[in-house]
Amino acid sequence: MNAPQRPLALMNALTVDVEDYFQVSALAPLIDRASWDQRECRVERNVERLLALFAQHGARATFFTLGWIAQRYPELVKRIVASGHELASHGYGHLRASEQSRADFLLDVRRAKELLEDLGGQRVQGYRAPSFSIGYSNPWAFDVLLEAGYRYSSSVYPVQHDHYGMPDAPRFPYQPRPGLTEIPVTTTRLFGRNLPAGGGGYFRLAPYRLSRWAIRRVNAVDQRPAIFYFHPWEIDPDQPRVPGTSLKTRFRHYVNLGKTEARLDRLLRDFRWGRVDEVFGLARP
Ligand SMILES: [Zn+2]
């Protein structure tokens, strides 16, 4: 007798924001942008480790890559594409969308898209704003993304947070403008509030089983795919420490860096993972 067929688990979307440890928004006040060129870059080896880890689990992902990084590491961009992952944009210079004029934002997102398309040889459809910085103050950013030729964004985090967040935004993909889909990072709803469930600092801070519970809940209760994000520097406990950080920033940035790779390994084992364009039906034939 044949064993009963188990329905195939939902595929979730795995995303990486490709930037280096000195480009993180929370550290921006302490790091002069002019010094970026002189800093020890670690992003290349960290992304290489991620590519190996993903390959081991047969997982595919979307890499929201900073133009500044792509320009310095063209081979890295090519490796991401050759490994079957989706190349997407994190803008050029890691400036929050909410801190730029409309004209400057257009230049930044266009420059990143052109650069990534030249290097990757594929159309770039997706954009993620640094620090989820599309919110109440700058809905025009969606018009700019359309103007620059993007088809989707993952730039709104419907949670309450001191640096970002739009707690009453939709939790699941929606069209803020015809032709543009916003795919919010995953939250789970508990006691009338949205709780972050899609990675970032929370994944390092809280026990792994909490993330697993939340993603399972979104898959089972909401019957929706989750979208999860993290950064290459989060698997790098040996990164240089930035002096002068506040206790809160230090904690958020450095907590459990040494445990993240093992946790990712479990996450990749416990769920099925794919690219944003595939999971959300945006892939072009
Ligand atoms: Zn970023």
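**Notes on the zinc site, a helix face and the aromatic rings**

1. Start with the metal. Glu 19 (OE), His 90 (NE2) and His 94 (NE2) coordinate the zinc ion at 2.0 to 2.1 Å. Donors here are N, O and S atoms within 2.8 Å of the metal (3.2 Å for Na, K and Ca), and water is not among the atoms, so sites may look incomplete.

2. A word on what you're looking at. This is a predicted model, where local features need pLDDT of at least 70 and side-chain atom pairs count only at pLDDT 80 or more, while totals for chains, interfaces and linings use all residues. Residues are numbered from 1 along each chain as its sequence is written, and side-chain values use heavy atoms, with hydrogens and water left out.

3. Back to the zinc donors: their spacing in sequence reads E-x70-H-x3-H. Glu 19 sits in the loop between strand E1 (11-18) and helix H1 (43-57), and His 94 in the loop between strand E3 (86-89) and helix H4 (102-120), so this pair, 75 residues apart, links distant parts of the chain. Helices (H or I, at least four residues) and strands (E, at least two) are DSSP runs, numbered from the N terminus. Both Glu 19 and His 94 are buried, where buried means under 20% relative accessible area, exposed over 50%, and partly exposed in between (1.4 Å probe, protein chains only).

4. Most residues other than glycine have a negative phi. Phe 132, though not a glycine, has a positive phi of about 45 degrees; you'll find Phe 132 in the loop between strand E4 (126-127) and helix H5 (140-147), and it counts as buried at 4% relative accessibility. Phe 191 isn't a glycine either, and has a positive phi of about 50 degrees. Phe 191 is in the loop between strand E8 (187-190) and strand E9 (193-196), and at 81% relative accessibility it counts as exposed.

5. Now look down helix H9 (residues 260-270). Its buried residues are Thr 260, Arg 263, Leu 264, Leu 267 and Leu 268. Seen along the axis, the buried residues of H9 fall within an arc of 140 degrees, so they line one face of the helix; the arc is that of the directions from the helix axis to the C-beta atoms. Their cover includes E1, H1, helix H6 (201-205), helix H7 (208-222), strand E10 (227-230) and strand E11 (272-274), with contact meaning heavy atoms within 4.5 Å.

6. On to the rings: the whole structure holds 18 aromatic pairs. Rings of Phe, Tyr and Trp (its six-membered ring) pair if their centres lie within 6.5 Å; planes under 30 degrees apart count as stacked, over 60 as edge-to-face and the rest as tilted. Phe 22 and Trp 36 have ring centres 6.2 Å apart and planes at 55 degrees, so that pair is tilted. Phe 22 is buried at 1% relative accessibility, and Trp 36 is buried at 5%.

7. Phe 54 and Phe 230 make an edge-to-face pair, 6.5 Å centre to centre with 85 degrees between the planes. Phe 54 lies in helix H1 and Phe 230 in strand E10, so the pair ties together parts 176 residues apart in sequence. Ring pairs link Phe 54, Phe 63, Phe 203, Tyr 208, Phe 228, Phe 230, Phe 271 and Trp 273 into a cluster.

8. Last, two arginines. Arg 72 lies over the face of Trp 68, 3.8 Å from the ring centre, and the charged end of Arg 111 sits over the ring of Tyr 92, 3.6 Å from its centre. The cut-offs: NZ of Lys or CZ of Arg within 6 Å of the ring centre and within 35 degrees of the ring normal.
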